[in-house]
Amino acid sequence: GLVALIDMTHQKEITESLQSREEFFRNLFEEGPIGMTLSFPDSTLVNANRAFCNMLGYHKDQIMGKSFLEFTHPEDIPSEQLLSQKLFDKLIPKYQVEKRFITQKGQTIWCNLSASVIRDLNDEPMFRLAIVENITDQKEAETALKESEEKFRRVFAESPLGMAFITKDGKIEDINKAFCEMLGYSKNELLQTNIFKVTHHEDIETSKN
């Protein structure tokens with residue numbers, strides 16, 4: 001009788017531990033600040049947390065049962081399908097990708113998506129767990145910076161004024177067409193030389209200072 005009592009007590013402790021762990025992960029999924037979804041191999045959404053629904057501007061009941069791809073930007077659907085298929089075919093253990101979603105208002109948002117699988121007792125892939133983080137602000141900042149850099153490069157290259165990037169020791173990092181024509185050298189010739197070699201000797205000390 002004592003052995004049976006000990007076994008039951010141990011089994012109860014394990015059950016309570018598992019229940020506690022499941023509740024913790026359930027709360028993490030539902031109330032986490034980052035979007036999370038569960039979907040079948042055919043991309044049908046089984047569950048989506050509040051953060052994901054808010055991100056796209058939908059109520060949960062508007063998302064459940066629909067394909068994950070319905071909310072994906074059309075240009076990103078082929079790569080999303082390919083990666084998801086590889087995941088369920090056990091060709092890759094997980095993947096991470098930047099992709100676009102379409103919100104309920106028709107706006108395009110950029111997200112960083114990390115996907116893995118939840119397996120059954122036979123170690124077979126059952127659901128895809130996706131963690132989705134909105135990175136739209138970051139992508140827009142990167143785009144603005146890239147456009148600014150490209151504009152500066154055009155101004156530098158096309159300016160009628162001679163312009164160059166020169167290190168402290170006189171190495172020419174870059175030089176525009178106007179400066180090359182002014183000195184009578186090709187760009188390649190100047191990139192292989194030092195600015196002090198094409199500077200009048202009386203002006204070298206002034207240039208260095």
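Contact, in this talk, means heavy atoms within 4.5 Å. Keep that in mind for the helix I start with. One caveat as well: this is a predicted model.

So, helix H5. H5 runs over residues 136-158, 23 residues in total. From first C-alpha to last, H5 reaches 33 Å. That is close to the expected 33 Å at 1.5 Å a residue. Which residues of H5 are buried? Thr 136, Lys 139 and Phe 156 are. And what covers the buried residues of H5? The cover includes five strands: S3 (94-102), S4 (108-119), S5 (125-134), S6 (164-166) and S7 (172-175).

Stay with Lys 139 for a moment. Lys 139 lies over the face of Trp 110. The distance to the ring centre is 4.5 Å.

Now step back to the whole chain. There are eight helices and seven strands. The chain has 209 residues, and 32% of them are buried. The accessible surface is about 14,400 Å². Carbon and sulfur atoms account for 54% of that surface. Take the contacts between residues at least 6 apart in sequence: 35% of these join residues at least 24 apart.

Next, the inside. The largest nonpolar core has 21 residues. Which members touch the most others? Phe 52, Leu 56, Ile 63, Phe 71, Phe 101, Leu 113 and Val 132. Several elements each supply at least two residues of this core: strand S2 (45-48), helix H2 (50-56), helix H4 (77-88), and strands S3, S4 and S5. The largest share comes from S4, with five residues.

Look at Phe 101 in that core. Leave aside its neighbours within four places in sequence. Phe 101 is then in contact with, among them, Phe 52, Leu 56, Phe 68, Phe 71, Leu 113 and Val 132. Lys 99 lies over the face of Phe 101, at 4.1 Å from the ring centre.

On to the rings. The count is eight aromatic pairs. I will show two.

Pair one is Phe 52 with Phe 68. Why does this pair count as stacked? The ring centres are 6.2 Å apart and the planes sit at 15 degrees, so the pair is stacked; the cut-off for stacked is under 30 degrees. Phe 52 is in helix H2, and Phe 68 is in the loop between helix H3 (60-63) and H4. The two are 16 residues apart, and the pair links distant parts of the chain. Buried or exposed, Phe 52? Buried, at 0% relative accessible area. Phe 68 counts as buried as well, at 2% relative accessibility. Phe 101 comes back here: Phe 52, Phe 68 and Phe 101 form one aromatic cluster.

Pair two is Tyr 58 with Phe 71, and this one is edge-to-face. Centre to centre it is 5.2 Å, with 70 degrees between the planes. This pair also links distant parts of the chain, 13 residues apart. Tyr 58 is in the loop between H2 and H3; Phe 71 is in the loop between H3 and H4. Phe 71 counts as buried at 3% relative accessibility. Tyr 58 is at 19%. Buried means under 20%, so Tyr 58 still counts as buried.

Definitions and conventions
Residues numbered from 1 in each chain as written. Predicted model: local features only at pLDDT ≥ 70, side-chain atom pairs only at ≥ 80, totals over all residues. Heavy atoms only, no water. Helix = DSSP H or I, 4+ residues; strand = E, 2+ residues; numbered from the N terminus. Expected span 1.5 Å × (residues − 1). Buried < 20%, exposed > 50% of the residue type's maximum accessible area, 1.4 Å probe, protein only. Core = buried A, V, L, I, M, F, W, Y, C linked by side-chain atoms within 4.5 Å. Areas by Shrake-Rupley, 256 points an atom, 1.4 Å probe, with all protein chains shown as cover. Phe/Tyr/Trp six-rings, centres within 6.5 Å; stacked < 30°, edge-to-face > 60°. Lys NZ or Arg CZ within 6 Å of the ring centre and 35° of its normal.
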